[in-house]
Protein chains: 2
Amino acid sequence: MMDPVSLPPLSRIAICGGTHGNEMSGVHLVRELQRQKMEKVGSAALTTVISNPCAIQVCRRYIDKDLNRCFTDAILSSPVTGDTPYEVRRAQELSALLGPKGSVQAMDLVCDLHNSTSNMGLSLITYFNQDPLILHICRHIQRKVTLAPVRLIQLDTPHSDAYSLDSIGKHSFSIEVGPQPHGVIRADIFNIMKEAVDQTLEWVRCFNSGSAFEGAEVDNVYIFVKSVEYPRDPETNHVTAVIHPQLQDRDFCLLRPGDPMFLTFSGDTVKYEGEEVLHPFFVNEGAYYEKNIAFHLGRRITLTIPSLQMKGH
Amino acid sequence: MMDPVSLPPLSRIAICGGTHGNEMSGVHLVRELQRQKMEKVGSAALTTVISNPCAIQVCRRYIDKDLNRCFTDAILSSPVTGDTPYEVRRAQELSALLGPKGSVQAMDLVCDLHNSTSNMGLSLITYFNQDPLILHICRHIQRKVTLAPVRLIQLDTPHSDAYSLDSIGKHSFSIEVGPQPHGVIRADIFNIMKEAVDQTLEWVRCFNSGSAFEGAEVDNVYIFVKSVEYPRDPETNHVTAVIHPQLQDRDFCLLRPGDPMFLTFSGDTVKYEGEEVLHPFFVNEGAYYEKNIAFHLGRRITLTIPSLQMKGH
C-alpha cells in the first residue's frame, strides 16, 4: 500500500494547440473551445492557447526552430537579440503567460495537443516524475476513452531540461493522436483528441469538487529507451531504406531481435539486431526525418499509483 | 470497330519525380533509377528528372508557386525577370530539357510521379485527349498491377492550357499514389508506384519491339466534373468542418444526394445536395486546403480504344 496523497485544487488550467503549426487537430480543437467561449471548468479557470500562430499561418511545423524543444531553463532564460529565432521569443512569451516555468505563479495544469503521422492511437506523454495527479488523469482517460487504445509514454528528463511546452505547468502532459498526415485534419483523429480533452476536463471537475481517487495499477506505460536512425548514404546523405512493411503502423507491438525493421530501395530487408525485446513507437513520424529518427523504442511497465484527493477534503 | 492506329516508336522517354518536393515516393524512386544508372529501356533512351530540387531540400510542396501548375503555354513563354518565381524559372528549364512543349523535339513520353494524402490507390491522370498510346499503357497497368486498384482520371483541358509537367511530352500521364502523408515515405505506397513504373517501362519495351495491342474497353475511367469547397467562417476564413467520417478514405465510391459530406467542429453533419450521383476523389488531399478544395467529383465512364501497333511493323 502506498501512502495516500492530497494535493491543492487545480485553480488555473491551460489547453494548448498548434505548438506544431501543421498538426491540425489541436489547432481546430482549441479554436472550437475559443469559439464556444469556454473559460471555466467547474471551479477552475481555463486558458486556451494557440501556441505558434505564425507556423499555423504557413502550415509548417515551425518557422525557425521546433517550438516544442524550446522550454528548457537554458533557452527560456537566454537573452533576446535581433537574431533570436521566432520560436525562442514565442517560448519566452508563453512561459510568461502560463508560467513562469518552475514558479508558484505557473498554471496548475498544462495540456498540449499534438498529432503524429505514426499509428500512435491516443498517447499521453509525460516526464518520468511519477506525478500522481497526472497518473490519475491518465488512468481516467484509459478507462473512459472508447475511440482508440490509450498508452502512456514517460520521458526520463530532469525538469530543468524538460523541453516541451507542457513542462511550464505545475502538472503537465501532452496528448498525441495519430495517424494523421501533417497539414490535414481527419474527423476520426479529431474525435479521439476531443474525447481525451473532454475526459481531462471531466477529471478536473471531479477532483476540484472533492472526489477521492483510489490507488491503482496503470498498465500500458512505456519508458523511452532509445531511438533508431535511418540508414543513409554517407556520400549523398539520402535515406537508403524505408520502414519495413512489417513494422509500419505497428507502434507499441513487440519488436524482437531478428524482426524486419527497414526495407532498402533496392529491396533488401534490414533486421533489428538489438538484444532486448522492446516496443517501437513514433514509427515513421514525418517530423522526425530531419532529426534522422526512424522510430523510438520503449520498455513496457506497470505503475502503481497512490490514492489521491484534494487537500482540505 | 475503331480503325487500328499505328504510331512511331518511343525513342526518348522521361520519368520525373519530386515535382512536389514533399511527395517522397517519386523522389526516392527516381533517385533509385539514377543510382542504378538505368539509361535505356529496350531501344528507348530514358531520362530521369528530379523536378524541384529546392523544394525537396526543404521538404515542401514548392518554394514560391506550385510547379505542377506552371506548364501552360502562357507561363512557359513569359519573360524572366528578377521577380520571377523560382518554379516559373524551373518550369522553363524543364520545358527546355524535355520539350520544348508542343515541339517535334519534345520527349515521346513523359511520366510524372506524385503522392496524395487521399486514398487514391493507383490513379493515372491524363488530359482528355483520347491518346490511344496512353490508354493502352493504362489498360496494361490495370491488368498487370496487383498491389492496388487502378483508376484513370481524365481532365478536360486544351493542350495549351495543360498546366502539369507531364504535358511537355508528346504522350504523357501522371501517376498518383496514396494515401501517404506528405514528407513521409511508406514502403507499401513506394512499392505500388514502383510496380506502376516497372509496368510502364515494360509496355514501352513491348511496343518498341513491335508487339500489337488489341482494341479493348477500358473501365474505371473518371471524368472530372467539379470541385467541392470547404465551408469556412466568413470572418476568420477558418474551415468550420472536416470531411465526414463516412466520406473520408472513400475515394471513387458513390456519393449520392443526401450522403454525409462534412462534419462541423460543433458536431453537425453537412449533406451532399447535388442532383447527380458522382464519384469523389482527392478526398481530404493535404495540398488542396490552400486551394480550398475538399474533394473533386467525377463521372465514371468506359472508353473504347482502338488496336495499336508501332508504325512500320
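Where in chain A is the place of A:Pro231? In this predicted model, A:Pro231 sits in the loop that runs between strand E9 (216–229) and E10 of chain A. The briefing below starts from the annotated spans of chain A, goes on to its sheets and helices, and ends with individual residues of chains A and B.

**Annotated spans of chain A**

- An unreviewed UniProt entry carries the annotation "domain: Succinylglutamate desuccinylase/Aspartoacylase catalytic", which it lists for residues 11–201 of chain A; in the model this span is 32% helix and 23% strand, and its end C-alpha atoms lie 12 Å apart.
- The UniProt annotation "domain: AstE/AspA barrel-sandwich hybrid", likewise from an unreviewed entry, covers residues 220–298 of chain A, a span that is 0% helix and 38% strand and whose end C-alpha atoms are 11 Å apart.

**The sheet of 10 strands in chain A**

- Ten strands of chain A make up an open sheet with mixed pairing, and their order is E3-E4-E2-E5-E8-E6-E7-E9-E14-E13.
- The edges of this sheet are taken by strand E3 (40–41) and strand E13 (279–281) of chain A, and because each has a single partner strand, one side of each is left without a neighbour in the sheet.

**Helix H1 of chain A**

- Helix H1 (residues 24–35) of chain A contains 12 residues and reaches 16 Å from its first C-alpha to its last, which is close to the 16 Å expected at 1.5 Å a residue.
- Is H1(A) largely enclosed by the rest of the structure, or largely open, and why? It is largely enclosed, because 9 of the 12 residues of H1(A) are buried.
- The buried residues are A:Met24, A:Ser25, A:Gly26, A:Val27, A:His28, A:Leu29, A:Val30, A:Glu32 and A:Leu33.
- The elements of chain A that cover these buried residues include strand E2 (12–17), strand E4 (44–50) and strand E5 (109–115), together with helix H2 (53–57) and helix H6 (187–208).
- Just after H1(A), A:Lys37 adopts a positive phi of about 50 degrees.

**The sheet of 3 strands in chain A**

- A further open sheet of chain A is formed by 3 strands in the order E10-E11-E12, with antiparallel pairing.
- Strand E10 (241–243) and strand E12 (269–271) of chain A stand at its edges, each with a single partner strand, so one side of each has no neighbour in the sheet; the twist averages 35 degrees from one strand to the next.
- Strand E11 (residues 260–264) of chain A is joined to E12(A) by 3 bridges, the two strands running antiparallel, and A:Pro260 has A:Lys271 as its bridge partner in E12(A).

- A:Pro231 counts as partly exposed, at 26% relative accessibility.
- Leaving aside neighbours within four places in sequence, A:Pro231 is in contact with A:His238, A:Val239, A:Thr240, A:Ala241 and A:Phe262.
- For one of these residues, A:Phe262, the C-alpha to C-alpha distance from A:Pro231 is 8.6 Å, with the two 31 residues apart in sequence.

**B:Ala241 in strand E10 of chain B**

- B:Ala241, which is found in strand E10 (residues 241–243) of chain B, is buried, with a relative accessible area of 1%.
- Residues up to four places away in sequence not being counted, B:Ala241 touches B:Tyr230, B:Pro231, B:Phe262, B:Leu263, B:Thr264 and B:Phe265.
- The C-alpha atoms of B:Ala241 and B:Asp64 are separated by 28 Å, the residues being 177 apart along the chain.

- B:His182 lies in the loop between strand E8 (171–178) and helix H6 (187–208) of chain B, and at 12% relative accessibility B:His182 counts as buried, the cut-off being under 20%.
- The side chain of B:His182 makes a polar contact, at 2.6 Å, with the side chain of B:Glu285.
- Not counting residues up to four places away in sequence, B:His182 touches B:Asn22, B:Glu23, B:Asn115, B:Ser116, B:Thr117, B:Glu285, B:Gly286 and B:Ala287.

Definitions and conventions. Residues numbered from 1 in each chain as written. Chains lettered and ligands numbered in written order. Predicted model: local features only at pLDDT ≥ 70, side-chain atom pairs only at ≥ 80, totals over all residues. Heavy atoms only, no water. UniProt positions renumbered as here; feature names shortened; annotations may be inferred. Helix = DSSP H or I, 4+ residues; strand = E, 2+ residues; numbered from the N terminus. Expected span 1.5 Å × (residues − 1). Buried < 20%, exposed > 50% of the residue type's maximum accessible area, 1.4 Å probe, protein only. Contact = heavy atoms within 4.5 Å. Pairing = 2+ DSSP bridges. Axes fitted to C-alpha atoms, helices over the stretch in contact; angles between N-to-C directions. Polar contact = N/O pair within 3.5 Å; in protein donor to acceptor, adjacent residues only side chain to side chain.
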